[in-house]
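The stops below go one residue or element at a time.

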Amino acid sequence: MVVYLTAIREAEQAYLKNVPVNLQCSESFEVGECAVDALDEIIDLMIDVY
């Protein structure tokens, strides 16, 4: 499960790296950043449990 979540997080990070600078203050960019942060927390918690 952690492998799949890590892949999703990496894909989202790759997407965010390719967002043009003028769109990095957009709401969708901020949502993407929140998603990456949430996935980081979930992955860390799952690693601690298993």
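**Stop 1: Glutamate 33**

Select glutamate 33. The residue is partly exposed, at a relative accessible area of 37%. Here buried means under 20% relative accessible area, exposed means over 50%, and partly exposed falls in between (1.4 Å probe, protein chains only). Glutamate 33 sits in helix H2. Helices are DSSP runs of H or I with at least four residues, strands are E runs with at least two, and numbering starts from the N terminus.

Before moving on, note the ground rules. This is a predicted model: local features need pLDDT of at least 70, side-chain atom pairs count only at pLDDT 80 or more, and totals for chains, interfaces and linings use all residues. Residues are numbered from 1 along each chain as its sequence is written, and side-chain values use heavy atoms, with hydrogens and water left out.

**Stop 2**

**Stop 3: The salt bridge**

Now select aspartate 40 and arginine 9. Their side chains meet in a salt bridge, 2.9 Å from N to O. The rule asks for a side-chain nitrogen of Lys or Arg within 4 Å of a carboxyl oxygen of Asp or Glu. Aspartate 40 belongs to helix H2 (residues 27-49) and arginine 9 to helix H1 (residues 2-17), so the pair ties together parts 31 residues apart in sequence. Which of the two is buried? Arginine 9 is, at 16% relative accessibility; aspartate 40 is partly exposed at 26%.

**Stop 4: Glutamate 10**

Go to glutamate 10 in helix H1. This residue is partly exposed, with 46% relative accessibility. Draw a distance to aspartate 44: the C-alpha atoms are 15 Å apart in space, and the residues are 34 apart in sequence.

**Stop 5: The whole chain**

Zoom out. The protein chain has 2 helices and 0 strands. Its C-alpha atoms fill a box of roughly 40 × 15 × 10 Å along the principal axes. Of its 50 residues, 20% count as buried.
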